[in-house]
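Me: Got a model open here and I'd like to talk it through. Can you take my questions as they come?

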Amino acid sequence: MVVSTANQLSSTYNLWQRFTFPSKTGPRDAVAVPRSVADQLNSAYTLIIDMALVQFLTILFAVSLYFYMRRFDPRDRVTKLSPLAPTIWNKRSDLVDLIMETGTNKENWKNPNITLLLILFLILWVGVKATGVLVPPLLLLSNAAPVNPDAIYSPDRSAHTDPATAALFPLEVPRFIRALGSTVDQEIRKQVNVSQAKTIGETSNGEDILQIDYSYNATGADFGLQKYPELVLKVVGSCVTEYGWFNQTVPVAYGNKIIALDYYNLWGVREESSSWDSSLFDGRQPVASFFAQGATAGALPLSNGTWAAIVSSVNRTSFSPGTDPWYLTGPAPTGSDAPYMVLPKRPALSCWEDNIWSYKGHNTSVDDLSSTALPGFEISKDLQDIFLLTLGSPVVSAVGQHLQSSALLSTTSASDQVFDASSSSVHNDLERLIQAAYVATVNVLTDLTLYPVGASRIVPNAAQSDSGQTKDGVADFVVWGPDIKTLSTLVLIAVPTVFVGLWLLALILMYYTPVKIVTALDSSDLQVKLVAAGPQDRTPASASRPRSADNQSGLDAKQAPATSSGNNALGTTTTSYNVSPNTESGLGANKKE
């Protein structure tokens, strides 16, 4: 899922540039334009689609009417056609009017052929409307654009000295704060799976040992990788409340209060370097400290990361009792701000996390994203390094470290030293951290354009070479913004091409092929021909030898035998007249009924 945590400046992306858009279904040829231009193009393409459909109906009706009209003799074709034929032709661009005019005639419903035509017209109308609704949205793919290489800043994380770490820390905090702010989105919550806390054991004093599992996936499309949207990062982890790391509680007098200092041995190692304490001196609200270890063997040799959290909630008070391992309360001492207080000896949280990178059936860990490990996946070495340095250890640990006092959800319910212990739990704290870790993971590339101006003067830009140019391949991703619209190049080309093709085909059919006989049904041409023909047919029934003036009037007075022309294909009765070659304007006409 694409998560936009901040608006991109117009200087961070390139418009009017053809690029590969990483859609969920695969790479798509696209071009990015301003939102206003996309709206205008969408309206224009809707009009083009309507005109293309009119040309399609013209071709369809012309061919159909051609095969109908060719059955009649060209000399009396116009007068023998069903009255429905001109209606169909002249209302080909307005199917609703055609259906209404045909369907409102009760006589037409008695003919099964016309009923079938009405059904076909209705199907055509539905198809035309569906095309007008479904095709224009295909033009718009997203709101992404290729990143501007000059806007990329990747802080150099290779130095591990204290000064370098201290300089880098404040530059990284904003991206984790943005990630945390996105956790209120319900769609983001659906992308992360955090199980309910389940009891897997019990301590000697009766406290539950809990286990919480979590997982989420991030794809190449989520990262914004232009050419490799099929890439998948699968993150699977698990945490347990660890009571074995607790060492001792040391009471300390502070003013007129006794404050408990809880000491822990990280990872169970009893060494001074692994010792950590938590107490009310850490802050009035509950806080947690986060730690991470190097990669170890998991599903793959170096795919597993270990991390931990130690909560500092001891001596915090609450108006409600807490039963969760991190916030278990007892009666507060006399004179406290609230009737309940968190007990000492709160468990640590011990976690592992496995990160598997997959591409078209091949798996690897973040330390080897080369084409050797993932055949067909060819990103630059510098882009591989960015992934390694930002996602090489559990992101959730980095989120907690940088958020500090804002990391725990329980802190949001705190007022000074008092918080709501009954609604606080290690599960809720962990769930929000995992959600923030997911957002920080999928935004690892788009965040490269959101560092503050002048950051390179504090920490060198690892994305640039010594000459100040952005390294090759680092900019092979897209960024998202509300002022951007991504258009499908295929649809941009296909829609006008189809329209021009249909228009040319209709033009050729109407003027350069036998199908052009249907143009006789045009309302203006048809009216001229009917007026010229008068109320009777001008077509001679047969050729006669010349008659003398003496017997002319006698011959004219003789009436020809009456015959019926029957019903035509559209179910309407036609009437024709035989006219003697020597009569004019209907004089001497012999009617056939």
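Me: Which residues lie nearest the centre of the second largest pocket, and how many line it?
Reply: Ala151, Thr449, Tyr451, Pro452 and Val453 lie nearest its centre, and 20 residues line the second largest pocket. A word on the source: this is a predicted model, where local features need pLDDT of at least 70 and side-chain atom pairs count only at pLDDT 80 or more, while totals for chains, interfaces and linings use all residues. Residues are numbered from 1 along each chain as its sequence is written, and side-chain values use heavy atoms, with hydrogens and water left out.

Me: What counts as a pocket or a cavity here?
Reply: Both are found on a 1 Å grid over the protein atoms alone: a cavity is a set of points where a 1.4 Å probe fits but cannot get out, and a pocket is an open set with protein on both sides within 12 Å along at least five of seven lines. Lining residues have an atom within 4 Å of a point.

Me: How much space lies in that second largest pocket?
Reply: About 330 Å³. A volume is the space filled by probe spheres set on the points, and grid points are joined across faces, edges and corners.

Me: And how do the residues of its lining divide?
Reply: Into 10 nonpolar, 9 polar and 1 charged. Ala, Val, Leu, Ile, Met, Phe, Trp, Tyr, Cys and Pro count as nonpolar, Asp, Glu, Lys and Arg as charged, and the others, Gly among them, as polar.

Me: OK, now the largest pocket. What volume does it have?
Reply: About 1100 Å³. Of the 48 residues that line the largest pocket, Ala292, Ser393, Ala398, Gln401 and His402 are the closest to its centre. Elements giving two or more residues to that lining include α6, β17 (348-359) and α10 (395-403); helices (H or I, at least four residues) and strands (E, at least two) are DSSP runs numbered from the N terminus.

Me: Which element gives the largest share of that lining?
Reply: α6, with 7 residues. By type, the lining of the largest pocket splits into 22 nonpolar, 19 polar and 7 charged.

Me: How many cavities of 30 Å³ or more are there?
Reply: The count is 4. The largest cavity holds about 70 Å³ of space. Among the residues lining the largest cavity are Val3, Ser4, Asn443, Asp447 and Trp480, and that lining divides into 4 nonpolar, 5 polar and 1 charged.

Me: Switching to charges. How many salt bridges does the structure hold?
Reply: It holds 11, a salt bridge being a side-chain nitrogen of Lys or Arg within 4 Å of a carboxyl oxygen of Asp or Glu. One of them joins arginine 157 to glutamate 172, with the closest N and O atoms 2.8 Å apart. Arginine 157 is in the loop between β4 (144-146) and α6 (162-181) and glutamate 172 is in helix α6, so the pair ties together parts 15 residues apart in sequence.

Me: Are arginine 157 and glutamate 172 buried or exposed?
Reply: Arginine 157 and glutamate 172 are both buried, with buried meaning under 20% relative accessible area, exposed over 50%, and partly exposed in between (1.4 Å probe, protein chains only).

Me: What does aspartate 382 form a salt bridge with?
Reply: Lysine 471, with the closest N and O atoms 3.6 Å apart. Aspartate 382 lies in helix α9 (residues 381-391) and lysine 471 in the loop between α11 (426-442) and β20 (478-480), so this pair ties together parts that are 89 residues apart in sequence. Aspartate 382 is partly exposed at 23% relative accessible area, and lysine 471 is partly exposed at 26%. Elsewhere, salt bridges that share partners join Arg157, Glu172 and Arg175 into one network.

Me: Last topic, strands. What order does the open sheet of 3 strands have?
Reply: The order is β9-β10-β11, with antiparallel pairing; two strands pair if DSSP finds at least two bridges between them. β9 (246-254) and β11 stand at the edges with a single partner strand each, so one side of each has no neighbour in the sheet.
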